[in-house]
Amino acid sequence: MFEPRIVAFFCKWCTSAGADLAGTSRMTYKPNITGIRVMCSSRVDPEHILDAFKNGADGVLIGGCHPGDCHYQSGNYQALKRVKLLKKMIKDLNINENRLRLEWISAAEGKRFTEVVDEFTEEIRKLGHIQYTVL
Amino acid sequence: MKKIGVFVCHCGINIASTVDIPKLVEDLKNYPGVAYIQDYKYMCSDPGQTLVKEKIKSEKLDAIVVAACSPTLHENTFRMAVQTVDMNPYNCEIANIREQCSWVHKNITEATEKAKRIIKSVVEKALLDEDLEPVKVPVTRKALVLGGGIAGIQSALSIANSGYDVILVERQSSIGGRMAQLSETFPTLDCSQCILTPKMVDAGQHENIRLMTYSELEDISGFVGNFKVKIKQKAKYVNWDKCTGCGLCIEKCPKKVPSEFDQGLGKRKAVYTPFPQAVPNKPVIDCENCTYFKTGKCRLCEKVCPFDAIDFNETESFIEEEVGAIVVATGYDVYPVLNMSEYGGGKIPDVIDGLTFERILSASGPSGGEVRRPSDGKIPKEIVFIKCVGSRDPENHYPYCSKICCMYTTKHAMLYKHRVHDGQPYIFYMDVRAGGKGYEEFYQRAQEEDKVVFLRGKVSKVYQDDDKVVVCGIDTLSGSNVEIRADLVVLAMAIRPSKGIEELAQLLKISIDQNGFLTEAHPKLRPVESLSAGIYLAGCAQAPKDIPDTVAQATATAAMVLNLFSREYLLHEPIITGVDEELCSGCGLCIAVCPYDARKTNREKGVVEVNEILCEACGACAAACPSGAAQQRNFTDTQFSNMVKAILAE
C-alpha cells in the first residue's frame, strides 16, 4: 500500500497543544505525518509549502487556532489568505489543491486532531504520489 | 558545522516501549552534525540533567537536542540546565517524540522511523540556531489610571500606597464615578457615599497621586514600561490654584440647569461642582449654559469671588508624561430609557431607570431621600420594577446579562418598603441571579421580611392612564395575566461601557468585544490584562460587575502593575523578526500584517525598522516579506527549508 509522506506545520499555541492532548489521551493516528512547530500559522511562508512539495511531500497540513482565538490576534487569518491563494497557484503546477490543507484545531481538540490527520492521510493516499509540472 | 549532542529519553517505558531506541541511536549517530548521541531512562531527572551537562562540557557540544516529551513540559528545564554550563539556552531544542510519536503510534517500526524524522528535523534547526539574549527593556515606574470611579480610585490607591507615582485621570470635574450616585449598597445596605468618600479624600490628598480631573487621554505612544501619554484638561474657567472651594460663585450664579449627577431630577448652577462631596471640591463653569458665554453679560461669579479665581479666558491645557503601566477603569453608562418605547421610556415621566431611582432614594438626592415620583412629587403607593430591560435580549438590544440589576432591584424594592411602609413593590423578573456572598440571603429577606412580590414573567406593555402607569404582564408561575396600576415604574436598564470607549480602545490599541466591553487577554487565566502588554483592565469597562468584584479586579490590576514595577528591566522573548537592511526594499508588506505596530518605515534609509520590544514573535511578517529581509531569529527560512528536507529525505 502506498504510504504518503506528509509535512505539517502546527502553531505552538493551539494545534501543537491539541496534538499533545491527543498523545496524553493515548489516542492513535496514522504515522505518515511529521510536524514542525511554529509560533503561529502566519509564520508559514508559501515558499515553505512549495519547498515541501518540491522535496517530495505528498501533502502539507497547516494547523492554526480557530478564528478569533489566535494568540497573535490575526495570524490565522493571514494563514487563511495565503493558503487560499496558494491553492489556486499550485493548480498551475498540476498539484491537486487538496494536497494542501489548513485546519483550525484548538488545544482542547485532541480528538479532532486525530480525525483530521487520519482523514487527510487517507485523502492523500488516494491522490497517490506527488507529481508536478515544472513551469 | 556546529557539534550537536542528541539525548534520547526513554521516559521509563513511555517512549521506549514503542520506539526502538537502540536502533534510533544507531541510525542517527552518523547524521550530519550529530557529534554525540546517548539515551537514558529519565533524561529530566537529576542524573539525566547531570549527564547532559557533563557531556556538553566533555564533548564540547555547541547545541543539544533532547528527544523526549513535549517542549511545553521540559523545554524550560533543559534550557535552565544548559545555562549552568555556559551554553546559550536558545541552543537547546526539544524533539517531541512522546506526545506526538510514541503515545500515538502502535507499530514499533513506524514509530521509530517517525521519531527519527522528528529528531533529524530538530537537529537541522539546532544546527542554525544562534545564541540569543533576551531583549532588556527599562521600566518607568509611574502608572496612569484612566477613570476615577471606585475601580480607578482603588487601583490608584493600591499602587500609590506601595510607593509609586500615579496619575489618576477623570473626565468629570470630580472623582467618585457611578458609586457616588448610589444610595445604599447591597447586600449590607451601607451608605454608598459613606464608604466611598473617605477613599476619594485619600486619593485626592495622597502624596503619590496626581489627580487630573476634567481631563482626558489625548494621545499615547510607546509600549509596556515606556508609554508616553498626552493628557488634555478641558477649560474650567476657574483657576483651581486660587479657588478655595468656598462656593460663593455657585450661590450667586443665576443660571440653573438639570443636574447630571441627579439624573436630571434636581438642578445645578452653570458654575458647579457635581455634588457637595466632590474631590477636588472646586467648581467649573459649564460654558454651554453660562449666561456670560451665551449673552456676553453677567460675570456675577467673577464679581463675588473673593480670590479672583474666575478666569473666562482660560483655555484647555495639555500635559505630557511618561508612564510604565496603564489601568483602564472607565466604567459604564446606563442604556437610556428612550430605547424602551414599549415601556413608555422617554414618554411617561414616571417611568425611570434604576440609577435615577438611586438618586430618589439617596439621602443627598433631590428629594432628600424621600421617595417621590418625578411627575408630581407624590409618594408612590404601588411601584413596579422591571428587570432585564435591554439586557438578555439579543434580538432587540443586548445579549448579555448586566449582572448587577437582580441585586440592586431587590435592594430598591427593600429600601422603598423601608421608606414607604404601606407601599407595595412588585418585581417582574426573568430569573433571579443572586450569586455572591450574602446575596441569596438578601433576596430571601426581601421576600420574607419586606414582602416584595416577585412575578416571574415579562412585561408586554406599559401605558399612562390618568395619573397611573399601567403595567401589563404575565406571571408564568401561576399562568395568569397581571395588570398593575402603578404610581411609578423603575426599569433595570442594561449597563454598557461608557461613552467614548471605542475611541479610547483605538487610541490604546486594545480590543473591544461584540458588546463594546474591553477584551481581557484570557477569559479565565488573564482576566485583568488587556492583549497589549502593560495595559490592564478594571471594573465595568471590561464587563458588567458589582462593587466587590470591581474592587477585587482593581486591586488585581495594582498587583499586575506592581509586578511590572518590581523589575529593573523587562525581559522580552528574543526570537523576534529582524530586518536585513541590505535586502529590505521598504515595501511595507510586513508592516501591514504586524498586529503589534512593531514595524515602521525609516524614510531616510528606505527600509523597515523593527521595535524589538513590541514584536511578539509570531513571524507573520517573515512570511509576508517577498525578499527574505525579514527573518525570524531561530525560525529562519533556511531552517524551515532544512527541516522539511530532513523530514522528507529517504
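In this predicted model, the centres of domain 3 of chain B and domain 5 of chain B, taken over C-alpha atoms, lie 53 Å apart. These two belong to a division of chain B into domain 1 (4–132), domain 2 (135–234 + 317–331 + 498–572), domain 3 (237–315), domain 4 (336–494) and domain 5 (576–632).

Attention now passes to the meeting of the two chains. Contact involves 43 residues of chain B and 41 residues of chain A. The size of an interface is often given as the accessible area lost when the parts come together. For chain B and chain A, the buried area is about 3600 Å², and carbon and sulfur atoms contribute 56% of it.

On the side of chain B that touches chain A, at least two residues each come from α3 (71–83), α4 (98–102), α5 (108–128), α17 (620–624), β34 (630–632) and α18 (637–648). Of these, α18(B) provides the largest share, with 8 residues. By residue class, this side of chain B comprises 22 nonpolar, 11 polar and 10 charged residues.

Charged side chains also pair across the boundary: the interface of chain B and chain A holds 2 salt bridges. A salt bridge joins the side chains of A:R37 and B:E75, with an N to O distance of 3.9 Å.

Terms used: Residues numbered from 1 in each chain as written. Chains lettered and ligands numbered in written order. Predicted model: local features only at pLDDT ≥ 70, side-chain atom pairs only at ≥ 80, totals over all residues. Heavy atoms only, no water. Contact = heavy atoms within 4.5 Å. Buried area = accessible area lost by both parts, 1.4 Å probe. Salt bridge = Lys/Arg side-chain N within 4 Å of Asp/Glu carboxyl O. Helix = DSSP H or I, 4+ residues; strand = E, 2+ residues; numbered from the N terminus. Nonpolar A, V, L, I, M, F, W, Y, C, P; charged D, E, K, R; others polar. Domains from an automatic or database assignment.
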